[in-house]
Amino acid sequence: MKSLLLTTALILALAFQSCNTRKIERIGTEETIDLSGRWNDSDSRMTAEAMVEQILGSAWLDNHVRATGERPVVIVGLVYNKSHEHISAETFIKDVERAFINSGRVRLVQAGDKREELRRERASQQDFASVETAKAWGLELGADYMLNGDINSIVDTYQREKVTYYQVNLELTDIESSEVVWIGEKKIRKYIRN
């Protein structure tokens, strides 16, 4: 009897497990799937595309080239997450940086931790690399502009309905004069009903 109960329990467990198997499939990165209603990869991609279109199509770029005869040098500063969610701004910022480089119209210099890592490597070369190949101090490319911004959100909830509004603002500032030469924004609004 115990053997029959144990066998029946095992068969039922296997049957339930086979019904609950997870199916995973690869999907295109351009496809929009919104499971939770929170910020996701589609929002990040749409934000990057909108910002790139705005920043590369704005007058500041032509004004700089006309005034100096050179492409502007940009450094990307901080993008603050002031939203109610954990949002990594890095994904869309990398898309913006990639678009700068790929456009050939803007030069990009490293910021933050990556710049400090380069400086540590340059310092190390002074002691350990040959004189002919060691990279010199004081030859970094100075940025003309700094890009920074913030991510904000507003949530409106009533019973089983929710509207989440996101606004991403980026600003480009002339480092020498502190003049803001461009402001861009992307707004995303989501309606969620449970």
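Me: What is F100 in contact with, leaving aside its neighbours within four places in sequence?
Reply: In this predicted model, F100 is in contact with I55, L56, V74, R105, V106, L108 and L147 once neighbours within four places in sequence are left aside, where contact means heavy atoms within 4.5 Å.

Me: Is F100 buried or exposed, and where does F100 lie?
Reply: F100 counts as buried at 0% relative accessibility, and it lies in helix α4. Buried means under 20% relative accessible area, exposed over 50%, and partly exposed in between, with a 1.4 Å probe and protein chains only. Helices (H or I, at least four residues) and strands (E, at least two) are DSSP runs, numbered from the N terminus.

Me: How far apart are F100 and V52?
Reply: They are 48 residues apart in sequence, and their C-alpha atoms are 8.0 Å apart in space.

Me: How do α2 and α4 pack?
Reply: Helix α2 (residues 41–56) and helix α4 (residues 90–103) pack at an angle of about 35 degrees, with their axes 9 Å apart; the axes are lines fitted to C-alpha atoms, for helices over the stretch in contact, and angles run from 0 to 180 degrees between N-to-C directions. On the α2 side the contact is made by S44, T47, A48, M51, V52, I55 and L56, and on the α4 side by T91, F92, D95, V96, A99, F100 and S103. These residues divide into nine nonpolar, four polar and one charged, with Ala, Val, Leu, Ile, Met, Phe, Trp, Tyr, Cys and Pro counted as nonpolar, Asp, Glu, Lys and Arg as charged, and the others, Gly among them, as polar.

Me: What about D43, buried or exposed?
Reply: D43, which lies in helix α2, is buried, with a relative accessible area of 3%. Not counting residues up to four places away in sequence, D43 touches R38, I188 and K190.

Me: Switching to the sheet: what is the order of the strands?
Reply: The order is β2-β1-β3-β4-β5, in an open sheet of five strands with mixed pairing, where two strands pair if DSSP finds at least two bridges between them. Because β2 (107–109) and β5 stand at the edges with a single partner strand each, one side of each is left without a neighbour in the sheet. Neighbouring strands of this sheet are turned by 25 degrees against each other on average, direction ignored.

Me: Which way do β1 and β2 run, parallel or antiparallel?
Reply: Strand β1 (residues 73–81) and β2 run parallel and are joined by three bridges, and V74 has L108 as its bridge partner in β2.

Me: And how many bridges are there for β3 with β4, and for β4 with β5?
Reply: β3 and β4 pair in the antiparallel sense over 14 bridges, with I151 standing opposite V168 in β4. Strand β4 (residues 161–174) and strand β5 (residues 180–193) also run antiparallel and are joined by 13 bridges; in β5, G184 is the bridge partner of L170, and K187 stands opposite Q167.

Me: Which residue takes a positive phi in the hairpin of β3 and β4?
Reply: Q159 does, with a phi near 50 degrees, in a hairpin that has two residues between the strands. Most residues other than glycine have a negative phi. Q159 is exposed, with a relative accessible area of 66%.

Me: And which one in the hairpin of β4 and β5?
Reply: There S178 takes a positive phi near 65 degrees, with five residues between the strands, and S178 is exposed at a relative accessible area of 54%.

Me: Last topic, confidence: what does the protein chain average in pLDDT?
Reply: The average is 87, and 88% of the residues score at least 70, pLDDT being the predictor's confidence in each residue, from 0 to 100. Where pLDDT is low, the predicted coordinates should not be read in detail.

Me: Which conventions should I note?
Reply: Local features need pLDDT of at least 70 and side-chain atom pairs count only at pLDDT 80 or more, while totals for chains, interfaces and linings use all residues. Residues are numbered from 1 along each chain as its sequence is written, and side-chain values use heavy atoms, with hydrogens and water left out.
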